[in-house]
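Subject: Structure handover

Hi,

Here is the structure you were waiting for. Please open it alongside this email, and my notes follow below.

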Amino acid sequence: MSEVTVTQFADTLKIPVEKLLTQLGEAGISVAGADAVISDDAKQDLLTYLRRTHGHDESTATAAAPRKITLNRRTSTEIKVGAGQGRAKTVTVEVRRKRTYVNRDVLEGEARKQQEEIERLKAEEQARAEQERQREQLEHERLQREKDEAEAEARKKKAEEDALRVSEQATAQETEKTRVRIEEETRKRDVEARQRREAIGKREVRREVVDVLTSAPEEDVPDDKATLFGRQELHVAADASGRRKKKKTRRRTVAVSAESSRHGFERPTAPVVREVAVPETIKVGELAQRLAVKSTDVIRSLMKLGVMATINQAIDQDTATLVVEEFGHTAKPVKVEDLEDSLKPVDADAGEKKPRPPVVTVMGHVDHGKTSLLDYIRRTKVASGEAGGITQHIGAYHVETDKGLITFLDTPGHAAFTSMRARGAKVTDIIVLVVAADDGVMPQTEEAIVHARAAGVPIVVAVNKIDKSDADLDRVRQELVAKEVVPEEWGGDTMFVNVSAKTGQGMDDLLNAILLQAEVLELTAATDGRAAGVVIESSLEKGRGAVATVLVTRGRLRLGDALLAGHEYGRVRAMTNELGMPVTEAGPSQPVSVLGLSGTPNAGDEVQVLEDERKARELAQFRLSRTRDVKLAQQQATKLEDVFSQLDASQSKSLQLLIKADVQGSAEALSDAMKKLSHDEVQVKVISTGVGGLSASDVTLAAASKAIIIAFNVRADGAGREAIKETGVDVRYYSIIYQAIDDVRAAITGMLSPVIREQIVGLAEVRDVFKSPKFGDIAGCLVVDGYVRRNNPIRVLRNNAVIYEGELESLRRFKDDVNEVRSGTECGIGVRNYNDVKPGDQIECYERITVERTA
């Protein structure tokens, strides 16, 4: 190694010489001066000192030691070379040296770390392989265990099926043996009975002969039911034993009177023949009770007819009739219509008829002020309580006015509530048709007129909103006259009253018109006796159960009465009026809310009070079974009629809906409105409608049917919310009916397939045809209209007739390929797979446009 001075070392380190001398002195390294030579050991000592003074210990220095150190050295020397003509030239020669020192400890550490990393990766790979092997082994064991369990289950099932088959065979054999034994016993009994009758007949003949020989003349014998020989007829039961013990008697030769010759026992009682009522279906046990026989006897009789039934199974009417006749009784078929006829009121039971308040239904178009009009009369704020300011239920109110008592029914005006308005027209006496003076006759106004005429109910027209500046009373009258509703001042029979629900103008005139019409109708009803009525609305309320709003039409409804409403029954537990106050009884034309029914009846069902709850339950079950049978028959008929339409079921779409509402009327209106939204391509199917909150069973049904739940003014309970989270069923909550209808209509629109329309975008005339070795015939054309685009389909026309339809092979302008050629420009067109283009032909270019459809 060459010697390095202090000055050269300072130059290498890029520090002043004085500073290097100071650091060497502090490190305890003695040097003579700047020109003194510094050894490698001195350099190492200086490096150790500097590290220690800067906070680095030996271990840290070793750890932070660089992998390699590169030293650059530069030495300069001067040499003299000859330059010619005896002169010398001095040349400076600089020698640069670069040396790199590698730290072996660092390299060894890195090699050791790499080896350790390789060993760690190998260990992890082995552990992973071991885990995978164990997992595969566990999976294999699980599959083997499941296979063993499945085989065991299959063997068990097969053993059960074998046992069941053996049991059925044994049962069939036992049944056959029982039938044969019963037939044998019956045959034996018939033979024995015939033998007993013959023996008894022979003994009677012998005794009569003896009596004739030893008794008085024939005229002394009574002639009531006498036999040929003067004795009374002997009646013996068919199953009585004819065997008697023989007694040794001495033959008497003395005369015996006719009275003493009679038997000592009376005639046995004749069999009782009953008239048994047989409904459409009846259980075996109940039939045995009506026949006053044991259930086993009825089952034995059914077995003779080839019917295997248990005591709790039901049989049809025809089979039950055969069983009744076999037991010697008379069968009387009973139908549900007979029970319905028994519920008709009897005039003698109805009581005295007295005048009753009129039932007035307020009808009209939506937002014409029906509820506000009634609100002014009742002095309440009903309109503000309805969602969206529109009425969505039938409100029944018993109002005491200065003019007398009036029962008002407020019907919805929205188009979806057609059935509600029809129901309101059927149970009413007078219809108040509300027409806005600024709006005139609207669709629901016309519909209300149709319902009123169908029900034969008189109309009182209330022209509302006369306080508005744009009110036109004459226009309203003219539009109503066009609908054959003629006012009295124009020679008709309909009373017109101008009113304002906002200011109260004309309200007294409207009440007077209603009461005047009621006096003309002479409305009366029986105030005593069993009550009858109509269900206006029904709902399912939490804590109260099924609540039905009932309008009493006759009689008096009291607490505790056995009530029948459609296919629901129960006993009146509580009654409240429209204000929520409890009442104990309700008379004609009075609406009340009734609690205590078994379920929510349908709006419009007739309500009847019966003698007891048992009869009400029986008739309700009859009605329910008949309704179920009708539904099943309709479903079966639908399946038979739609056999061919179901062939294209894969191409059609359907929207499944499950509707839950707060009241029965809203659920019915929603169901009808949704079904009317059905399209030829998208069918709206309402799989279920109900009243009350969403339950877990509703969510499960919707999930199984892939249906959307429409919740109208109801919410899901705790179990229902959990089921919604688990199944992910789409639930839509609404409080206004037309919002629900609009959303479903939008969903149907999105499901409709778009319409593909063709639009002609250009026309080119063929001027000449050229041959091309690459594309075949090339038509030299002039675009006369629109444009011709390469990617658009084309048609080739000859004499205005389509002779080919396809696409372009090439489109060129001069020698350049182009994507589009505009009108008035010449171009060359190559038609793909067609080489019969001739001059004079036309090439029509068109494009297909996708148009979204609306429901």
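Start with a helix pair. The axes of helix H7 (residues 295-304) and H8 come within 10 Å and cross at roughly 110 degrees. That angle falls in the 65 to 115 range, so H7 counts as roughly perpendicular to H8. The crossing of the two is right-handed. On the H7 side, Val 298, Ser 301, Leu 302 and Lys 304 make the contact. On the H8 side, the residues are Thr 319, Val 323 and Glu 326.

One caution before going on: this is a predicted model. Every number here is computed from it.

**Thr 319**

Stay with H8 for a moment. Thr 319 sits in this helix, which covers residues 317-326. Is Thr 319 buried or exposed? Its relative accessibility is 16%, so Thr 319 counts as buried. The cut-off for buried is under 20%. The side chain of Thr 319 makes a polar contact of 2.5 Å with the side chain of Asp 316. Leaving aside neighbours within four places in sequence, Thr 319 touches Leu 302 and Val 307.

Now go to helix H18 (residues 696-705) and helix H19 (residues 718-727). They pack at an angle of about 25 degrees, with their axes 7 Å apart. Angles under 35 degrees count as roughly parallel, and H18 and H19 are therefore roughly parallel to each other. Their crossing is right-handed. H18 brings Ala 696, Val 699 and Ala 703 to the contact. H19 brings Ala 719, Gly 720, Ala 723, Ile 724 and Thr 727.

**The chain as a whole**

Here is the wider view. The chain has 855 residues, and 36% of them count as buried. It holds 20 helices and 36 strands. Take the contacts between residues at least 6 apart in sequence: 69% of these join residues at least 24 apart.

Ile 459 is in strand S14 (residues 459-464). With a relative accessible area of 14%, Ile 459 is buried. Which residues does Ile 459 contact, leaving aside its neighbours within four places in sequence? They are Ile 431, Leu 433, Ala 452, Thr 494 and Met 495. Take Leu 433: it is 26 residues from Ile 459 along the chain, yet their C-alpha atoms are separated by 6.6 Å.

Glu 765 is in strand S29 (residues 755-772). Its relative accessible area is 29%, so Glu 765 counts as partly exposed. Beyond its neighbours within four places in sequence, Glu 765 is in contact with Gly 780, Cys 781, Leu 782, Val 784, Asp 841 and Gln 842. Leu 797 is 32 residues from Glu 765 in sequence, and the C-alpha to C-alpha distance is 9.5 Å.

**Cysteines**

How many disulfides does a search of the whole structure find? The count is 0. Cys 827 is a case in point: its nearest cysteine sulfur belongs to Cys 781 and is 5.4 Å away. A disulfide needs the two sulfur atoms within 2.5 Å, so Cys 827 is in no disulfide. Cys 781 is also one of the residues that Glu 765 contacts. Cys 827 has a relative accessibility of 7%, so it counts as buried. Cys 845, at 1%, counts as buried too.

Most residues other than glycine have a negative phi. Two residues here have a positive value.

- Asp 367 has a phi near 65 degrees. Asp 367 is in the loop between strand S10 (359-364) and helix H11 (370-378). Its relative accessibility is 51%, so Asp 367 counts as exposed.
- Glu 522 has a positive phi of about 50 degrees, although it is not a glycine. Glu 522 is in the loop between helix H15 (507-521) and strand S16 (524-526). With a relative accessible area of 64%, Glu 522 is exposed.

The cut-off for exposed is over 50%.

Best wishes

Definitions and conventions:
Residues numbered from 1 in each chain as written. Predicted model: local features only at pLDDT ≥ 70, side-chain atom pairs only at ≥ 80, totals over all residues. Heavy atoms only, no water. Helix = DSSP H or I, 4+ residues; strand = E, 2+ residues; numbered from the N terminus. Buried < 20%, exposed > 50% of the residue type's maximum accessible area, 1.4 Å probe, protein only. Polar contact = N/O pair within 3.5 Å; in protein donor to acceptor, adjacent residues only side chain to side chain. Contact = heavy atoms within 4.5 Å. Axes fitted to C-alpha atoms, helices over the stretch in contact; angles between N-to-C directions. Parallel < 35°, antiparallel > 145°, perpendicular 65-115°, else oblique. Left-handed = near helix turned anticlockwise from the far one by under 90°.
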